[in-house]
Amino acid sequence: MGIINNLMGNATEVNVDSLRLELEEILCDNETIEVAFNIFRDKWIFTSARLIIENVQGVTGSKRSYHSIPYHSITHFAVETSGSFDLDTELKIWIRGTNAPYEQKFSKGTNVRAIQKMLAYKVL
């Protein structure tokens, strides 16, 4: 199902332990990775302090950009759960100073309500 989700642009959950070494140079002291999702080669990483969107670029994937969004910059968010015919769930996050939301679709079975609850604790 992972290949199908990638082809459809849906995020699948990543093992947090595997990311710790990869991201140790950009994480702050005492900042922990809470949950992370993979979309093709890109990642959405929710830490204890911020959302990091990692964009892997180029053919070899050696060039990467990291977009850090502190939770206090998130003005509001929306979650759409999957239905009978719509198999994916969707998360939209609006950032202070921008009009369009950051959007990401997640594969069926992703506990998007847990993500919503975590965001509520961080944002509210």
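The model is predicted, so local features need pLDDT of at least 70 and side-chain atom pairs count only at pLDDT 80 or more, whereas totals for chains, interfaces and linings use all residues. Residues are numbered from 1 along each chain as its sequence is written, and side-chain values use heavy atoms, with hydrogens and water left out.

Confidence is expressed as pLDDT, the predictor's value for each residue, from 0 to 100. The chain has a mean pLDDT of 84, and 87% of its residues reach 70 or more. Among the secondary-structure elements, which are DSSP runs numbered from the N terminus (helices, H or I, at least four residues; strands, E, at least two), confidence is lowest in helix α1 (residues 2-7), with a mean of 43, and highest in β5, at 93. The pLDDT is below 50 over residues 1-9. Beyond near neighbours in sequence, this stretch has 11 contacts in the model, a contact being heavy atoms within 4.5 Å.

Salt bridges were assigned where a side-chain nitrogen of Lys or Arg lies within 4 Å of a carboxyl oxygen of Asp or Glu. The count under this rule is seven. One of them joins the side chains of R20 and D17, with an N to O distance of 2.2 Å. These two residues are three apart in helix α2 (residues 16-23), which means that about one helical turn separates R20 and D17. Accessibility is classed by relative accessible area (buried under 20%, exposed over 50%, partly exposed in between; 1.4 Å probe, protein chains only). On this scale R20 is partly exposed at 40%, while D17 is exposed at 52%.

Two further salt bridges involve E54. The side chain of K43 meets that of E54 at 3.8 Å, N to O. This pair links distant parts of the chain, with K43 in strand β3 (residues 42-47) and E54 in strand β4 (residues 50-57), 11 residues apart. Both K43 and E54 are buried. The side chain of R64 also forms a salt bridge with E54, at 2.5 Å, N to O. Here too distant parts of the chain are linked, R64 lying in strand β5 (residues 63-70) and E54 in β4, 10 residues apart. R64 is partly exposed because its relative accessibility is 37%, whereas E54, at 0%, counts as buried. Through shared partners, salt bridges join E22, K43, E54 and R64 into one network.

The side chains of E54 and R64 are also joined by a polar contact of 2.5 Å. A polar contact is a pair of N or O atoms within 3.5 Å; within protein, one must be able to donate a hydrogen and the other to accept it, and residues adjacent in sequence count only if both atoms are side-chain atoms. Leaving out residues up to four places away in sequence, E54 touches E22, D42, K43, I45, R64, S65 and Y66. Of these, Y66 is placed in strand β5 and is partly exposed, with a relative accessible area of 35%. Beyond its neighbours within four places in sequence, Y66 is in contact with L23, I26, I52, I53 and E54.

Strand β7 (residues 89-95) and strand β8 (residues 102-106) run antiparallel and are joined by five bridges, strands being paired if DSSP finds at least two bridges between them. The bridge partner of I93 in β8 is Y102. The hairpin of β7 and β8 has six residues between the strands, and within this hairpin G97 takes a positive phi near 90°. N30, although not a glycine, also has a positive phi, of about 70°. N30 is located in the loop between α2 and β2 (33-39) and counts as exposed at 76% relative accessibility.

A nonpolar core is a set of buried Ala, Val, Leu, Ile, Met, Phe, Trp, Tyr and Cys residues joined through side-chain atoms within 4.5 Å. The largest such core has 18 residues, and those with the most contacts inside it are W44, F46, L51, I74, L91, I93 and L119. Two or more residues each are given to this core by β2, β3, β4, β7 and α3 (112-123), with α3 providing the largest share, four residues. I74 touches I69, I93, W94, I95, L119 and V123, residues up to four places away in sequence not being counted. A second, separate core has nine residues, including L23, L27, I33 and A36.
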